[in-house]
Amino acid sequence: MERRMLFPQTGGLVHGGDYNPEQWLDRPDILEEDVRLMKKAGINSATLGVFSWSVLEPEEGEFHFEWLEEIVEKLYRNGIYTVLSTPSGARPAWLDAAYPEAMRVNRIGMRAHHGGRHNHCMTSRKYREKVSIIDRKLAERLGSHPGVMMYHISNEFGGECFCPACVRKFQEYLAEKYEHDIEKLNKAWWAAFWSHRYNSFDQIEPPFENGETSVMALNLEWKRFTTWNTNDFMKQEIAVLRSVTPNVPVTANFMQLFNGLDYRKMAPELDVISWDNYPLFHNDWETFGETMYGTAFQHAVMRSLKRGKPFMMMESAPGLVNWQTVNKVKRPGVHRLACLQAVACGSDTVQYFQWRKGRGSYEQFHGAVVDHMGTDDTRVFREVAEVGELLKKIAPVAGTLLHTRAALLFDWDNRWAIQDVKALSQATKKYEETCIDIWKAFFRLGVDMDVVGSDEDLSCYDVVVAPMLYMLQPGTARNLKAFVERGGQLLATYFTGYVDSDQLCYLGGFPGDGLKELFGIVSEEIDSLYPSDRNGIEMADNSRWEVREYAEILRVHDAQTLGVYTEDFYKGTAAVTCREHGKGKAYYVAARTDADQMLPLFEKMLTDAEIPMRKLPEGVEYHVRSGEEGNFAFYLNCTTREVTLSGVKGRDLVTDREIEDSLTLPGYGVAVVHFV
């Protein structure tokens with residue numbers, strides 16, 4: 001299996017983070033000390049220029065790149081490569097004063113004032129023009145420097161704009177989608193309801209807070225448009241850079257399961273996927289292990305956006321952050337554990353925000369490798385330096401991949417549709433939580449799952465789980481049928497196949513679009529339960545699953561009933577079914593139940609698919625990356641107690657010791673075991 005190293009010039013894994021030398025140009029002594037400290041911490045990369053526009057272009061048309069060139073060159077001479085960012089994430093004051101149309105309009109129609117960040121209008125022609133100018137000059141001055149290994153496009157894209165230009169562009173987007181036929185839109189949007197029929201596309205407004213919010217298709221298309229428009233803006237930035245330096249790869253930092261943008265639509269434009277990882281460590285509502293498992297899920301989402309290539313953990317906090325409800329300090333050992341988890345899940349980088357704490361403004365107390373003491377004599381610095389040494393030890397992992405045979409389906413469109421639909425209980429829809437809980441259950445069985453879209457190629461998977469697949473994309477039903485027919489094990493749940501991609505309900509019973517035939521059932525009703533309601537599922541093996549929040553009442557055609565309800569007027573009717581189709585099986589779980597209760601069913605699916613499981617002690621993670629030089633098994637102890645694992649063989653790269661059978665990990669301990 002070929003290694004696919006992201007940055008071969010580094011010889012291994014990347015260790016670095018956001019560096020803001022423009023904040024310290026009056027302190028050459030600090031800039032000099034930064035280089036020394038970076039080398040001591042094992043840093044081999046720095047991200048420059050993320051919010052540097054006002055220093056790069058202090059007045060319109062007046063450019064100053066000399067300071068940035070000097071920093072890039074100095075870092076390169078000391079073995080530190082640059083991730084060069086375009087500065088479009090925050091606008092200088094002169095730009096907003098001269099071109100106020102660059103500032104966003106909010107949902108009630110009010111134009112923003114200058115300030116903040118990530119708040120520009122993606123449609124503004126003048127803003128796009130100014131971004132293109134600064135991007136081109138940046139690429140011409142620095143893009144070909146041997147120390148520049150990647151472009152970082154803007155920063156954490158997000159948000160929406162309701163200005164007149166965006167309204168017009170939205171109307172044009174809809175006209176193009178519906179082939180300039182307003183009646184096609186009216187039909188797709190069920191516009192006769194509440195007299196919402198349109199005569200022309202220029203009558204359509206986005207869902208202003210004090211305007212039209214009751215047309216589900218309008219709300220969804222606005223979200224799709226926001227992604228499309230953001231992607232269009234990003235593509236313009238990329239095109240400018242590639243016109244000057246076509247061989248420099250590009251990325252843009254995503255934000256875990258960000259609700260505002262469909263990252264699957266943006267991923268194809270990027271050479272590498274990167275994301276910013278800020279778990280709520282040491283919270284008071286879940287165990288530390290659960291927090292780590294949830295973070296592993298987020299890594300899986302990012303890994304799956306561009307399968308066949310490592311991703312980048314572009315940002316993480318070396319200490320605490322400053323914006324969470326409770327800004328908790330990472331306990332000793334947690335930093336190393338979290339960094340190794342990212343690598344275990346497929347990242348080839350460990351990067352931080354930020355290298356050095358600033359003296360003032362919003363992020364002055366956000367954690368950094370170098371804090372206000374300015375020395376290497378801090379716990380955080382020592383732990384970062386320890387990670388730097390560890391990443392050198394496990395350098396052969398760079399470019400290797402996780403090869404998963406199980407996948408969980410998660411669609412942004414489906415998520416948005418579920419959030420908006422006037423059905424079920426508004427307080428307990430919990431689509432994201434349901435997906436994550438099921439993913440964690442497989443994870444506890446030692447099985448990594450990818451997180452993919454319902455219309456993606458499933459040919460490399462043998463087990464697929466599709467929770468709450470309320471909205472079906474064109475071709476989704478056909479995709480699932482083909483998967484099961486060739487021998488796949490498929491599990492779907494309640495609230496599957498109710499609407500098409502325009503949010504029109506299927507007629508003839510749910511799930512629609514031919515999935516009734518695949519599963520051999522029809523969902524006749526769905527019951528929403530109060531917290532005080534009680535129901536259960538009696539399985540064929542006499543085990544009992546507790547039902548909460550939702551229960552569908554099924555009509556079984558030609559499926560086998562594996563479990564029945566224990567209470568209410570639908571007592572004794574089917575709640576869990578299975579139907580053979582081709583060489584595979586299609587399972588349907590009609591009620592919400594804890595994912596851990598479904599473990600026996602998951603185990604059966606994995607066994608039938610011949611996917612090996614590895615049950616580990618609670619709080620211990622297991623991942624495997626593979627490449628030309630063999631396999632690398634990562635063991636992460638997410639507890640404070642010592643654990644001993646049997647059946648482990650190979651050389652631990654962390655300790656450089658041969659493991660014959662038994663591996664002992666201290667609290668928060670890690671091992672990377674190389675085996676053939």
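# Cavities, cores and backbone of a predicted model

The lining of the second largest cavity is made up of five nonpolar, five polar and two charged residues. In this classification Ala, Val, Leu, Ile, Met, Phe, Trp, Tyr, Cys and Pro count as nonpolar, Asp, Glu, Lys and Arg as charged, and the others, Gly among them, as polar. The structure is a predicted model, in which local features need pLDDT of at least 70 and side-chain atom pairs count only at pLDDT 80 or more, while totals for chains, interfaces and linings use all residues. Residues are numbered from 1 along each chain as its sequence is written, and side-chain values use heavy atoms, with hydrogens and water left out.

## Enclosed and open spaces

The search runs on a 1 Å grid over the protein atoms alone: a cavity is a set of points where a 1.4 Å probe fits but cannot get out, a pocket is an open set with protein on both sides within 12 Å along at least five of seven lines, and a lining residue has an atom within 4 Å of a point. Points are joined across faces, edges and corners, and the volume is the space filled by probe spheres set on them. Four cavities of 30 Å³ or more are counted by this rule.

| Space | Volume | Lining by class |
|---|---|---|
| Largest pocket | about 890 Å³ | 13 nonpolar, ten polar, twelve charged residues |
| Largest cavity | about 150 Å³ | nine nonpolar, five polar, two charged residues |
| Second largest cavity | about 80 Å³ | five nonpolar, five polar, two charged residues |

The second largest cavity is lined by R104, H120, M122, G159, E160, C161, C166, W222, F225, T226, N229 and T230. Helix α8 (residues 216-244) supplies the largest share of that lining, five residues. Helices (H or I, at least four residues) and strands (E, at least two) are DSSP runs, numbered from the N terminus.

The largest cavity has 16 lining residues, and P279, F281, A317, G319 and K330 are the closest to its centre. At least two lining residues come from each of β8 (311-316) and α11 (334-344); α11 gives the most, with three.

In the largest pocket there are 35 lining residues, with Q256, Y278, P279, L280 and Q298 nearest the centre. β7 (274-277), α10 and α14 (431-444) each give two or more residues to this lining. The most, five residues, come from α10.

Helix α10 covers residues 288-305. Its 18 residues reach 27 Å from first C-alpha to last, close to the expected 26 Å, where the expected span is 1.5 Å times one less than the number of residues. In α10, 18 of 18 residues are buried; buried means under 20% relative accessible area, with exposed over 50% and partly exposed in between (1.4 Å probe, protein chains only).

A nonpolar core is a set of buried Ala, Val, Leu, Ile, Met, Phe, Trp, Tyr and Cys residues joined through side-chain atoms within 4.5 Å. The largest has 182 residues, and I394 and F602 touch the most other members. α10 gives this core its largest share, nine residues. Residues up to four places away in sequence aside, I394 touches L13, L340, V343, F634, L653 and V672, contact being heavy atoms within 4.5 Å. A second, separate core has 25 residues, among them C161, L185, A188 and L218. In soluble globular proteins, nonpolar side chains tend to be buried together.

H152 lies in strand β4 (residues 148-152). H152 counts as buried because its relative accessibility is 0%. Beyond four places in sequence, its contacts include V50, V83, T251 and M314.

A338 is part of helix α11 and counts as buried because its relative accessibility is 8%. Leaving aside neighbours within four places in sequence, A338 is in contact with F281 and M292.

## Backbone exceptions

Most residues other than glycine have a negative phi, and most peptide bonds are trans. The bond from F353 to Q354 is cis, with omega near 15°, and Q354 sits in the loop between β9 (347-352) and α12 (379-393). F510 and P511 are also joined by a cis bond, with omega about -5°. The loop between β13 (489-493) and α16 (515-519) holds P511 and also F495.

F495, a residue other than glycine, has a positive phi near 65°. F495 is buried, with a relative accessible area of 2%. H282 is not a glycine either, and its phi is positive at about 65°; H282 is in the loop between β7 and α10.
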